Amino acid sequence: MSFCCGASMIGTKGTLKHIRTRIHNVPILFCPVCHRIEVHYLVENEYEILAEYAHGDGASEVDFHDYVDESDKALHENCVNNEEEDPMQIVQNQIDMSLDLLTFAKEIRDQEWEQQLKKRLIVLSQRRHKLKLKRTPGGTI
């Protein structure tokens with residue numbers, strides 16, 4: 001699994017910018033807490049090569065899918081969640097994992113980790129609250 005700031009990262013595809021070139025449909029990992037994005041490690045080399053060639057050719061936009069075979073099922077094997085899942089379920093899974101980690105951090109008396117997990121839980125709880133408001137008829141944020 002890929003982790004960032006203790007939260008498991010979500011597998012998805014996105015558009016990344018390399019100098020002046022936008023590269024669409026890049027397999028990425030996204031942190032739901034701090035919003036950090038990184039290219040999936042299984043396609044990192046391909047991304048770098050494509051980005052350099054596209055920039056060298058002066059292309060303003062390219063589609064990763066057109067140049068790289070992504071049939072490898074292992075791309076999302078190390079992801080706890082992926083973008084096709086219900087956002088509320090993703091947030092709830094993240095909260096559950098953070099609570100499990102918080103219990104363990106308390107057991108080993110790691111106060112710094114406890115504080116980090118509590119901050120993460122605050123962010124995730126706020127995200128869950130916003131999702132609930134969106135689902136409620138007449139709910140606004």
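Me: A salt bridge puts a side-chain nitrogen of Lys or Arg within 4 Å of a carboxyl oxygen of Asp or Glu. How many salt bridges does this rule count?

Reply: This is a predicted model: local features need pLDDT of at least 70, side-chain atom pairs count only at pLDDT 80 or more, and totals for chains, interfaces and linings use all residues. Residues are numbered from 1 along each chain as its sequence is written, and side-chain values use heavy atoms, with hydrogens and water left out. By the salt-bridge rule, the count is one.

Me: With which residue does R36 form a salt bridge?

Reply: Side chains of opposite charge can pair when their charged atoms come close. Here the closest N and O atoms are 2.1 Å apart. The partner of R36 is E38.

Me: Is R36 buried or exposed, or in between?

Reply: Buried means under 20% relative accessible area, exposed means over 50%, and partly exposed lies in between (1.4 Å probe, protein chains only). R36 has 39% relative accessibility. Its salt-bridge partner E38 has 26%, so E38 is partly exposed. By that scale, R36 too counts as partly exposed.

Me: Where does R36 lie in the chain?

Reply: Helices (H or I, at least four residues) and strands (E, at least two) are DSSP runs, numbered from the N terminus. Strand β4 covers 21–30 and β5 covers 37–39. R36 falls in the loop between β4 and β5.

Me: How far apart in space are R36 and M9, C-alpha to C-alpha?

Reply: In sequence, 27 residues separate R36 and M9. In space, their C-alpha atoms are separated by 9.0 Å.

Me: Which strand runs parallel to β4?

Reply: Two strands pair if DSSP finds at least two bridges between them. β4 joins β3 (residues 10–18) by eight bridges, and these run antiparallel. β4 and β5 also run antiparallel, with three bridges. Three bridges join β4 in parallel to residues 61–63, which form strand β6.

Me: Which residue of β6 is the bridge partner of I23?

Reply: Other bridges give the pattern: K17 partners R22 in β4, and G14 stands opposite V26 in β4. On another side of the pairing, I28 stands opposite V39 in β5. For I23, the partner in β6 is V62.

Me: Which residue in the turn between β4 and β5 has a positive phi?

Reply: The β3 and β4 hairpin has two residues between its strands, and there I19 takes a positive phi near 55°. The β4 and β5 hairpin has six residues between its strands. Its turn has a positive phi of about 70° at H35.

Me: Which backbone oxygen does the side chain of T21 reach?

Reply: T21 is found in strand β4, and at 0% relative accessibility T21 counts as buried. Contact means heavy atoms within 4.5 Å. Leaving out residues up to four places away in sequence, T21 touches several residues, including L16, H55 and V62. At 2.7 Å, the side chain of T21 reaches the backbone oxygen of A59.

Me: What distance separates the end C-alpha atoms of helix α4?

Reply: The expected span of a helix is 1.5 Å times one less than its number of residues. Helix α4 (residues 111–135) has 25 residues, so it should span 36 Å. The model agrees, because the end C-alpha atoms are separated by 36 Å.

Me: How many residues are in the chain?

Reply: The chain has four helices and seven strands. Buried residues make up 35% of the chain. The total is 141.

Conventions
Polar contact = N/O pair within 3.5 Å; in protein donor to acceptor, adjacent residues only side chain to side chain.
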